[in-house]
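Please examine the sequence and the structure shown below before reading the briefing that follows.

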Amino acid sequence: MTGFSAAWLRLREPFDRLARSAALARGFAAAVHRQAEGPLRIVDLAAGSGANFRALAPLLGSDQDWLLVDHDPALLTAQRAEIVDWATRHGWRWTADGEHIAVDTGQARWRVRGLRLDLASELEALERIPFDGLVTTAFLDLVSATWLDRLGNLLARQQRPLLATLTVDGRRTWHPPHPADAQVLAGFTRHQGVDKGFGASLANEAVAHLAAGLAGHGHAVTTARSDWRIGPAQQDMLRYLLDEATAVAHATAPAAAAAGLIAGWAAARRTQLEGGLLSLEIGHLDLLALPPRP
Ligand SMILES: C[S@@+](CC[C@H](N)C(=O)[O-])C[C@H]1O[C@@H](n2cnc3c(N)ncnc32)[C@H](O)[C@@H]1O
């Protein structure tokens, strides 16, 4: 279990929504509409509490059937509450029918169901589920090269479009600069390569690897930047990321930690945070892959 809390996913959701490439989302929408006959059938890999559904369903527009796949039962439970809360805030009607939730906007009807699946061992189970498009967000940096090759093979067999958003690419810039930034970043990068249940994570190289694999299968692949820009007023997000970076640097850069460099960095950053002087940019990439037209 990789252990992502619903609270963290809720904190990051607005930053993800702002950062997403609108052009790639439009390209995905056009491709799935071209091939679907009834309601669009979309599968979301590692859906967490359903942020990808909430970002994409309004853009896709028409009637839709979503399958939100995750291995974490707590997040699968959180999906329902988050979706109901979101629909209510928008003034949309929703109904719960067994394992489905249906959101009725007046213009369109979106049916959503969660599915517990360990994608490390059971990715290929999706072959038995018909879908018009595959999506995933904030996930591909957790997986290995071998797993990305399996995903590429699945898409090649299914000939379906993929929209994979918000994969980190290694750019991480704190403002103002600090002399220990490079050591903190190096520790963070080492930590990203750790096995998260899929084999050694490709992390910052994941998008390039998947793009090359899918292009090899004849898919038309486009990537676009989807960076987080976290300003001085966004204190909760900055505090979370500062605490995370500090903990990771302590664990992965023991020499710098023993020399007091990490504690000094964290104290300086905390002072800047509280003084409204700190900001951070984190680089991500979105990827759209379209199968060759028949
Ligand atoms: C960073 S979170 C992103 C969640 C969601 N896509 C979002 O953007 O809010 C990564 C997700 O991967 C899921 N995950 C990790 N390992 C998994 C596995 N082996 N099988 C299925 N889901 C997994 C986690 O439970 C978590 O929901």
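**A buried arginine**

Arg172 is buried (under 20% relative accessible area, with exposed meaning over 50% and partly exposed in between, for a 1.4 Å probe and protein chains only), yet Arg172 has no salt bridge, and Glu244, the nearest side chain of opposite charge, is 4.3 Å away. A salt bridge requires a side-chain nitrogen of Lys or Arg within 4 Å of a carboxyl oxygen of Asp or Glu. For charge, Lys and Arg count as positive and Asp and Glu as negative, while His and the chain ends are not counted.

This is a predicted model, in which local features need pLDDT of at least 70 and side-chain atom pairs count only at pLDDT 80 or more, whereas totals for chains, interfaces and linings use all residues. Residues are numbered from 1 along each chain as its sequence is written, and side-chain values use heavy atoms, with hydrogens and water left out.

**Surroundings of Arg172**

- Arg172 belongs to strand β7, residues 162–175; strands (E, at least two residues) and helices (H or I, at least four) are DSSP runs numbered from the N terminus.
- Leaving aside residues up to four places away in sequence, Arg172 touches Leu185, Phe188, Glu244, Leu280, Glu281 and Ile282, where contact means heavy atoms within 4.5 Å.

**Salt bridges**

- The count comes to 17 salt bridges.
- Arg229 and Glu281 meet through their side chains in a salt bridge of 3.3 Å, N to O.
- Because Arg229 lies in strand β9 (residues 228–230) and Glu281 in strand β10 (residues 279–290), this pair ties together parts that are 52 residues apart in sequence.
- Arg229 is exposed, at a relative accessible area of 54%, while Glu281 is partly exposed, at 31%.
- The side chains of Arg270 and Asp243 form a salt bridge of 2.9 Å, N to O.
- That pair links distant parts of the chain, with Arg270 in helix α11 (residues 261–274) and Asp243 in helix α9 (residues 235–252), 27 residues apart.
- A network of salt bridges links Asp169, Arg171, Arg225 and Asp227.

**Helix α3**

- Seven of the ten residues of α3 are buried, so this helix is largely enclosed by the rest of the structure.
- The buried residues of α3 are Asn52, Phe53, Arg54, Ala55, Leu56, Ala57 and Leu60.
- Gly61 follows α3 and has a positive phi, near 85 degrees.
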